[in-house]
Structure formats: structure tokens, C-alpha cells
Amino acid sequence: MTRSVQQLFDLQGQSALITGGSRGLGLQIAHALGEAGAKVLLSARKAEELEEAVQELQSAGIDARWVAADCAQEADIQRLAQEALHRLGHVDILVNNAGASWGAPAEDHPTAAWDKVMNLNVRGYFLLSQAIAKHGMIPRKQGRIINVASIAGLGGNPVEMKTIAYNTSKGAVINFTRALAAEWGVHGITVNAICPGFFKTKMATALIEKLGEDKMAAHAPLRRLGDDEDLKGVALLYASAAGKHITGQWLAVDGGVSCVV
Ligand SMILES: NC(=O)c1ccc[n+]([C@@H]2O[C@H](COP(=O)([O-])OP(=O)(O)OC[C@H]3O[C@@H](n4cnc5c(N)ncnc54)[C@H](O)[C@@H]3O)[C@@H](O)[C@H]2O)c1
Ligand SMILES: O=C(O)[C@H](O)[C@@H](O)[C@H](O)[C@H](O)CO
């Protein structure tokens with residue numbers, strides 16, 4: 001018996017861990033997975049922001065909780081993985097989303113900032129995937145890993161932005177996704193990436209305002225920036241049975257910005 005579309009997208013009984021889930025794109029993805037029936041566990045560094053986000057999800061009827069952790073610290077990542085496996089019972093869906101950027105001309109980019117960006121955006125994704133898979137997904141022979149990359153991983157940012165470490169890190173996330181998918185498919189784990197375009201979150205607001213929101217929107221074939229709904233569909237596709245034959249892929253959700261040469 002094949003499943004209906006409603007059954008294929010249903011996440012009842014599933015559990016999801018979302019890093020950087022306290023606001024922005026991570027919180028949007030938490031809403032999507034939670035609205036489809038998953039239990040969600042948010043992680044970020046600040047307890048107050050996490051508590052606020054959990055309350056927002058709970059008032060939408062979602063089973064939500066939080067754990068504070070710094071994904072730039074290996075010991076914190078190991079603790080987060082253990083707590084997630086303990087508190088959720090199992091992690092069916094891992095969303096690697098916590099990320100940071102740095103603006104400086106490449107010729108003067110501080111080494112410490114390069115290391116900081118690469119450490120959180122790449123090493124953090126790797127270490128948490130490793131811990132969650134090794135102690136949960138691989139023994140259970142099932143799992144979904146969703147990596148939030150960026151269209152910044154497909155090329156350079158507009159020249160005013162000067163984010164060489166960030167662009168490098170997001171390019172790495174895309175090939176990390178493909179390589180991990182190639183290795184862990186045999187364990188029943190899919191690994192896919194989302195490449196958002198410009199969304200007005202805390203990370204990007206100052207920059208969007210500096211470059212001009214209207215001007216940035218005008219650059220997109222769809223003449224708009226991303227909003228609070230735009231990542232929900234792809235997150236649910238990757239996380240659910242509807243996406244069970246999709247792995248090693250990335251999808252740009254960018255209003256078409258990445259099609260323009
Ligand atoms: N906003 C955009 O235009 C855009 C576009 C493409 C990709 N992205 C990516 O989306 C992801 C989320 O960013 P956002 O735009 O929602 O920004 P945001 O600043 O609103 O959210 C970032 C989240 O990451 C958490 N975080 C930051 N450093 C952390 C650390 N060391 N440990 C744990 N958590 C940490 C923050 O608490 C927050 O929850 C990032 O990976 C970012 O690179 C954003
Ligand atoms: O497209 C993206 O991934 C984001 O918008 C980034 O480019 C950040 O906003 C920028 O790096 C902030 O410094």
C-alpha cells in the first residue's frame with residue numbers, strides 16, 4: 001500500500017534537534033517540523049532566547065524543549081548530543097544551522113575570525129553529525145541530517161560584504177553534505193543542504209539595511225527577500241518520508257538570486 005501525501009509528510013513520533021534554533025532560520029525550521037508533528041529540541045547559547053522560542057512553539061501546540069550549548073566548543077557538542085539522545089529518546093532529524101559570519105577584506109581578514117567562522121560553520125556541523133549518528137542514527141539505521149548552507153557557498157557575496165571565511169565555510173558545508181551522504185547512505189541516513197538566499201534575520205539585517213532592502217530584492221528574479229515561511233517546505237521534504245530517496249543534494253531558496261550571472 002503506498003502512503004498518501006499527508007502520510008508521507010507526517011512527522012508524528014519523530015524527534016528533531018535544531019542548532020541555532022532560538023531565532024531566525026532555525027526557529028522557522030523548528031516551526032515547520034513541529035507543525036508536522038515532530039517533537040523539537042532547540043539548541044543555542046542563550047537560555048533566555050531559547051526559553052522565549054520554546055514558548056512560541058508551545059503556544060503553536062508544538063512539543064518543544066531546549067538545551068543551551070555552544071557549537072563552537074567540542075565538549076559542549078558532545079554534551080548536547082548526549083542530552084539530546086537522552087531527552088528525546090532518539091534523534092530522527094538533525095538540523096545543523098548555528099552559524100556565524102565576519103566582514104573584512106580578504107587581504108586583511110583576521111586569522112582568529114577565519115578560525116572562528118570555520119570552526120562553528122564547518123567543524124561544528126561535522127562534530128555534531130558524528131556524535132548523533134554514532135550513538136543514535138547508525139545503530140538505529142535511520143536518520144535525516146539537514147545542513148543549512150547558503151547561496152554564499154556557491155560563489156562570492158556582493159563585493160560590499162567581504163565575507164571570505166563565511167563563503168568558504170558554506171562551500172565546505174555543501175561538499176560536506178555530499179560526502180557524508182555518500183558515506184552514510186548505507187546506514188539509512190540521508191544528508192541534504194538548504195542554501196538560503198537573503199533573509200532578514202539578526203545575522204543579516206544590518207547588512208541588508210546597509211545594501212538597501214529594495215535594491216537587494218530587485219536583484220532577485222522573484223523581486224523579494226526570503227520570509228518566515230520560505231524554508232518550511234524544503235525542511236519538511238528533507239525531514240519526512242516524502243524525501244526518503246533524496247540525499248546529497250542542496251536546494252537554493254533564494255528567489256532566484258543564484259540563477260543570475
Ligand atoms: N539570514 C540569511 O540571509 C542567511 C542566508 C543564508 C544562510 N544563512 C544561515 O542560516 C543559519 C541561521 O542564521 P540566521 O540567519 O537565522 O541568523 P540568526 O543570527 O538569527 O540565528 C543564528 C542562530 O545561531 C545561534 N548561534 C550563533 N552562534 C552559536 C554558537 N556558537 N553555538 C550555538 N548556537 C549559536 C544563535 O543563537 C541563533 O539561534 C546560519 O548557518 C546562517 O549562515 C542565513
Ligand atoms: O546569504 C547569506 O548566507 C547571509 O545573508 C550572509 O551572507 C550574511 O548575512 C553575511 O555574511 C553577514 O555578514
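Helices, which are DSSP runs of H or I with at least four residues, are numbered here from the N terminus. The structure is a predicted model, in which local features need pLDDT of at least 70 and side-chain atom pairs count only at pLDDT 80 or more, while totals for chains, interfaces and linings use all residues. Residues are numbered from 1 along each chain as its sequence is written, chains are lettered from A and ligands numbered from 1 in the order in which they are written, and side-chain values use heavy atoms, with hydrogens and water left out.

Ligand 1 is surrounded by 30 residues, a residue being counted if one of its heavy atoms lies within 4 Å of the molecule, and the closest are L25, D70, N97, Y166 and T201. Helix 7 gives the largest share of this shell, namely three residues.

An oxygen atom of the ligand lies 2.7 Å from a polar backbone atom of N97, an oxygen atom of ligand 1 is 2.8 Å from a backbone N or O atom of L25, and for G20 the corresponding distance to a polar backbone atom is 3.1 Å. Taken alone, ligand 1 exposes 830 Å², of which the protein buries 96%, the areas coming from the Shrake-Rupley method with a 1.4 Å probe.

The structure also holds one aromatic pair, the term requiring ring centres of Phe, Tyr or Trp (its six-membered ring) within 6.5 Å. F126 and F176 form this pair, with 6.4 Å from centre to centre and 90° between the planes, an arrangement that counts as edge-to-face at over 60 degrees.

Note on methods
Polar contact = N/O pair within 3.5 Å; in protein donor to acceptor, adjacent residues only side chain to side chain. Helix = DSSP H or I, 4+ residues; strand = E, 2+ residues; numbered from the N terminus. Phe/Tyr/Trp six-rings, centres within 6.5 Å; stacked < 30°, edge-to-face > 60°.
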